[in-house]
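Here's a protein chain to explore together. Keep the 3D view open and click on each residue as it comes up.

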Amino acid sequence: MKQSIIRSTGRYLPERVVTNDDLAQLMETSDEWIQQRTGIRERRWVPEEGGVGSADLGLEASKIALERAGWKPEDIDLIIFATLSPDLFFPGSGCLLQEKLGLKDTPALDIRQQCTGFLYGMLTADAYIKSGHANKILFVGSEVHSTGLDISTKGRDVTVIFGDGAGVVCLEGIETDESQGVLACSVHSQGKYANALMTEAPASRQNPRLSREMLDEGRHYPIMDGKNVFKLAITRLPQVTKAVLEKAGLGIEDIDLIIPHQANFRINQAFQQSMGIAEEKMFHNIQRYGNTTAGSIPIALDEAIEQKLIGEKGSTVLFAGLGAGLTWGAMIYRF
Ligand code: UT7
């Protein structure tokens with residue numbers, strides 16, 4: 001049977017390090033508040049002058065992953081690009097990346113599932129591979145949040161948590177009888193919580209889509225009901241994790257590493273405790289990067305493989321995440 005195998009991964013984080021103390025110069029916040037509430041110490045942001053979009057970060061991470069896979073760009077059958085911060089309102093960043101990779105007419109598909117972009121993207125890739133529509137897929141999760149944040153005290157609850165970055169996975173279909181690849185996946189959405197975390201403008205339901213008045217009101221900045229999202233995360237993540245374990249016929253003890261979306265260290269601690277997961281099996285890097293949304297899980301996966309925490313043949317990883325939409329889900333993958 002055909003299975004989707006991770007051939008390689010790659011990541012790219014912009015060079016500019018923005019510490020909590022740097023943010024405290026720009027708004028009323030403190031290193032202590034941010035670390036206590038979120039676990040974040042610093043994040044990476046693209047150069048302040050602009051000119052670097054999600055496709056640019058995706059390109060750098062793609063070059064690394066392609067080289068590790070031993071693939072040339074022409075080998076790719078499909079690009080799947082997950083982002084909530086596309087370079088343009090349209091067309092999607094996948095098309096822009098396709099051009100940056102020097103490709104002629106390789107198909108590109110954008111996914112707008114925010115913090116679960118990796119889960120939806122991997123599931124889509126797996127379906128393309130198993131149905132025979134593509135065999136070598138470049139999955140990219142990439143975000144440039146920093147150019148769209150309200151860097152003032154008014155926006156501090158949201159601004160301090162987000163970072164820029166990209167993670168890439170090269171996935172390939174192989175024929176195998178072994179228990180390998182995507183063992184189980186479960187994804188969900190609930191639009192009734194759309195207002196809990198959103199950026200309202202520019203919006204097709206407004207005419208014009210962006211006005212001076214909307215800019216003055218700051219409606220182009222993300223807003224979040226943090227407490228509600230926090231509560232939803234600590235209840236839904238254990239639920240969906242139990243559901244995928246059941247689908248795969250596995251127990252949590254069969255999982256070698258859990259890579260949760262990096263939204264808040266406290267959310268992931270609560271998740272760990274409610275599932276009875278051993279501390280050394282949880283992967284965290286939010287301290288250094290903040291929340292990079294669609295980039296978060298693939299960046300973490302790349303680091304975990306580099307640190308040899310996962311990646312040996314037969315080793316099993318569980319991914320889980322929740323974010324804007326509301327969307328949430330989990331996936332179990334075996335190397
Ligand atoms: O990946 C997308 C999914 N998103 C998430 O998973 C986010 C989930 N939510 C959270 O992580 C947390 O809700 C936050 C970290 C965003 C906020 O933590 P909180 O404990 O829920 O704080 P809060 O929003 O209830 O605010 C507590 C206080 C308020 O002041 P008062 O009203 O008590 O005087 C805020 O104004 O902290 C204040 N505050 C801040 N103070 C310093 C809010 N943001 C900041 C800040 N620095 N950056």
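## Cysteines without partners

Searching the whole structure turns up zero disulfides. Take Cys95, which is in no disulfide: the nearest cysteine sulfur belongs to Cys170 and is 19 Å away. A disulfide is a covalent bond between the sulfur atoms of two cysteines. Keep in mind as you look around that this is a predicted model.

For a disulfide, the two sulfur atoms would have to be within 2.5 Å. The surroundings of these cysteines are worth a look too. Cys95 is partly exposed, with a relative accessible area of 39%, while Cys185 counts as buried at 11% relative accessibility.

Side chains of opposite charge can pair when their charged atoms come close. How many salt bridges does a search of the whole structure find? The search gives 14 salt bridges.

Let's start with a pair inside one helix. Glu60 and Lys63 form a salt bridge, and their closest N and O atoms are 3.4 Å apart. Both residues sit in helix α3 (residues 54-69), and because they are three residues apart there, about one helical turn separates them. Glu60 is partly exposed, with a relative accessible area of 28%, and Lys63 is also partly exposed, with 44%.

## Pairs that reach across the sequence

Now look at Arg11 and Glu303. Their side chains make a salt bridge in which the closest N and O atoms are 3.5 Å apart. This pair links distant parts of the chain: Arg11 is in strand β1 (residues 2-12) and Glu303 is in helix α11, 292 residues apart. Are these two residues buried or exposed? Arg11 is buried, with a relative accessible area of 19%, and Glu303 counts as buried at 2% relative accessibility. The cut-off matters for Arg11, because buried means under 20% relative accessible area.

Asp302 and Arg68 meet in a salt bridge as well, at 2.9 Å from N to O. Here too, distant parts of the chain are linked, with Asp302 in helix α11 and Arg68 in helix α3, 234 residues apart. Asp302 counts as buried at 2% relative accessibility, whereas Arg68 is partly exposed, with a relative accessible area of 47%.

## Another stop on helix α11

Helix α11 spans residues 296-306, and Ile305 is found there too. Ile305 is partly exposed, with a relative accessible area of 25%.

## A positive patch

Which residues gather in a patch of positive charge on the surface? They are Arg37, Lys227, Lys231 and Arg266. You'll find Arg37 in helix α2 (residues 31-38). Arg37 is partly exposed, with a relative accessible area of 38%.

Most residues other than glycine have a negative phi, and most peptide bonds are trans. Against that background, a few spots here stand out. The peptide bond joining Ala201 and Pro202 is cis, with omega about 0°. Pro202 lies in the loop between β9 (197-198) and α7 (212-217). The bond from Gly325 to Leu326 is cis as well, with omega near -10°, and Leu326 lies in the loop between β12 (316-323) and β13 (327-334).

Then there are the positive phi angles. Gln114 isn't a glycine, yet its phi is positive, about 55°. Gln114 sits in the loop between β5 (108-111) and α5 (117-131) and is buried, with a relative accessible area of 13%. Thr293 is not a glycine either, and has a positive phi of about 50°. Look for Thr293 in the loop between α10 (286-289) and α11; Thr293 is buried, with a relative accessible area of 1%.

How values were computed. Residues are numbered from 1 along each chain as its sequence is written. This is a predicted model: local features need pLDDT of at least 70, side-chain atom pairs count only at pLDDT 80 or more; totals for chains, interfaces and linings use all residues. Side-chain values use heavy atoms; hydrogens and water are left out. Patches are made of residues with over 30% relative accessible area and no salt bridge: like charges are joined within 9 Å, nonpolar side chains (Val, Leu, Ile, Met, Phe, Trp, Tyr) within 5 Å. Accessible areas come from the Shrake-Rupley method with a 1.4 Å probe; for residues, only the protein chains shown count as cover. A salt bridge is a side-chain nitrogen of Lys or Arg within 4 Å of a carboxyl oxygen of Asp or Glu. Lys and Arg count as positive and Asp and Glu as negative; His and the chain ends are not counted. The place of a charge is taken as NZ of Lys, CZ of Arg, CG of Asp or CD of Glu. Helices (H or I, at least four residues) and strands (E, at least two) are DSSP runs, numbered from the N terminus. Buried means under 20% relative accessible area, exposed over 50%, partly exposed in between (1.4 Å probe, protein chains only).
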